[in-house]
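Q: I would like to learn how to read domains and contacts. Please go through them step by step.

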Amino acid sequence: MREKILTIIEKNSKIDLKELAIILGEEEIDVANEIAAMEADGVICGYHTLIDWDKTSIEKVSALIEVRVTPQRGQGFDSIAERIYKYPEVNSVYLMSGGYDLLVTLEGKSLKEVSSFVSDKLSTLETVLSTTTHFILKKYKDHGTIMAKKYEDTRLKLTP
Amino acid sequence: MRNPLSDKITEVKPSGIRKFFDIVSEMKDAISLGVGEPDFDTPWHIRDEGIYALEKGRTFYTSNAGLKELREEIQKYIEKRQGVSYDPMKEIMVTVGGSEAIDVALRCMLNPGDEVIIPEPCYVSYVPCTKMADGVPVIINLKNENRFRLTPEELLEAITEKTKVLILAFPNNPTGAIMEREDLEKIAEIIIEKDLYVISDEIYSELTFTGEHVSIASLPGMRERTIMINGFSKAFAMTGWRLGYACGPEVILKQMIKLHQFAIMCAPTTSQYAAVEALKNGEEDVNMMREAYNQRRRYLLHTFEEMGLPCFEPGGAFYVFPCIKEFGMTSEEFALRFLEEEKVAVVPGTAFGDCGEGFLRISYAYSLEDLKVAIGRLANFVARLRENQ
């Protein structure tokens with residue numbers, strides 16, 4: 001049941017509990033308990049809303065920053081990652097394989113705000129060797145949802 | 001001028017769905033619960049393989065029976081899923097949808113006057129194809145109280161000296177009924193005893209929600225008596241690719257491939273390359289879609305229960321077949337009024353045989369969001385009818 005609940009609410013966290021129980025063929029109380037358990041265990045970490053900010057009047061700039069760092073003795077990458085993720089403007093921090101170490105995603109009101117975060121805060125951290133900043137120009141698809149196009153049903157209305 | 005037409009084709013009745021289709025097409029704002037094809041797009045990796053085949057210039061005929069690689073994949077898949085093994089070189093053919101396989105099988109198996117037993121309600125093409133193959137359709141009216149399964153008693157009653165073929169189509173369109181192993185065993189016993197053949201249309205086999213699909217061909221003594229028909233349309237959401245297949249004993253398949261060669265040449269090449277990918281790497285997609293259909297099925301059954309609309313629990317396909325007899329209208333009257341008053345199209349049960357009277361076919365090949373809107377309107381309609389009763 002756990003996996004099925006997660007598959008559904010990953011795409012639609014707003015789903016009504018009663019409806020969720022119906023489509024899974026389970027009792028409502030069991031589904032509620034399972035969700036509560038997953039929240040307590042930290043399997044479910046939060047419920048977010050996917051927003052296409054381009055359709056609003058609010059200006060937002062998103063950036064991906066590749067960061068190369070010197071790992072610290074006894075702590076690896078964890079303490080430097082923590083230094084970075086504590087900034088509230090940072091959206092996500094991932095440890096990566098390949099040509100750089102940390103991938104940081106970030107949102108700001110303007111190019112200037114993002115670049116000043118990189119130059120003033122990120123680059124000046126002692127263990128950071130270098131940064132490469134990429135600005136996102138357009139989001140076509142985010143969290144498995146296509147933002148550019150609307151789905152249209154082109155099937156014949158009645159078929160045998 | 002002489003009549004250009006054959007008596008045979010003029011006597012075949014047009015599909016019962018046709019009249020409705022014309023009305024619905026006129027109504028621009030109508031929403032529909034009437035389609036018989038998946039709402040999912042063909043999974044991207046399968047489409048991608050089709051595109052790649054075109055890019056590579058694979059635009060020629062394949063061998064008549066279909067790409068060897070595809071037939072080999074079909075062999076593996078059928079063996080894994082149904083537990084029956086067919087020789088990919090002699091016992092499997094790739095057809096233009098399951099529909100062609102039905103037509104070709106009947107034309108290769110019937111002599112004039114041979115009787116074909118067709119349990120209804122069922123898909124619309126068995127009766128016309130039987131007639132065009134000079135066979136005589138013998139209808140069994142399946143019953144709601146048997147959950148629209150074929151019982152041995154019903155079958156025995158329909159068999160005569162002239163009976164040659166039984167058409168079995170489970171999971172069933174339009175009822176969603178399935179036949180389980182025990183049901184099929186009793187049927188198989190009669191088939192063997194009376195020396196008959198079965199054309200088993202298993203196009204919805206992957207959409208079985210209560211237990212695993214069982215093919216009658218997998219029962220002892222039935223492989224030699226069965227033409228198993230399946231395809232890619234429903235399982236892999238590939239209706240427009242027009243690709244199906246038939247498996248059966250060499251003695252029948254050889255003639256079917258001969259007829260297919262003269263009538264069709266070969267199934268579309270692009271589709272065949274895409275289908276290889278579907279069978280090799282499509283299992284996850286099928287599982288995902290099956291789960292989605294099953295969720296919708298549960299939702300619909302629940303809402304019918306809430307509105308007090310009797311409906312047996314269908315075990316397969318993507319249809320529910322609720323009973324509307326309490327409203328004192330024919331299926332067609334009900335469907336027409338529902339369309340006019342609530343702008344939702346459903347198919348009257350009678351489009352699938354006379355015994356579909358009193359029932360509606362409601363398809364759940366729609367997103368839950370769309371279903372909610374349409375079923376909400378059905379609830380309004382039903383409530384209004386009851387008020388005025």
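A: Start with domains: their bounds come from an automatic or database domain assignment. This is a predicted model, in which local features need pLDDT of at least 70 and side-chain atom pairs count only at pLDDT 80 or more, while totals for chains, interfaces and linings use all residues. Residues are numbered from 1 along each chain as its sequence is written, and chains are lettered from A and ligands numbered from 1 in the order in which they are written.

Q: Into which domains is chain B divided?
A: Chain B has domain 1 (7-42 + 284-382) and domain 2 (58-281). Their C-alpha centres are 24 Å apart.

Q: How many residues does the contact take from each domain of chain B?
A: Two residues are in contact if their C-beta atoms, placed from the backbone, lie within 7 Å. Here domain 1 of chain B gives 35 residues and domain 2 of chain B gives 33.

Q: Which element supplies the largest share of the domain 1 side?
A: Helices (H or I, at least four residues) and strands (E, at least two) are DSSP runs, numbered from the N terminus. On the side of domain 1 of chain B that touches domain 2 of chain B, the largest share comes from helix 11 of chain B, with seven residues.

Q: How many residues does each chain give to the contact of chain B with chain A?
A: Chain B gives 20 residues and chain A gives 10. On the side of chain B that touches chain A, helix 2 (17-26) and helix 11 (283-307) of chain B each give two or more residues. Helix 2 of chain B gives the most, five residues.
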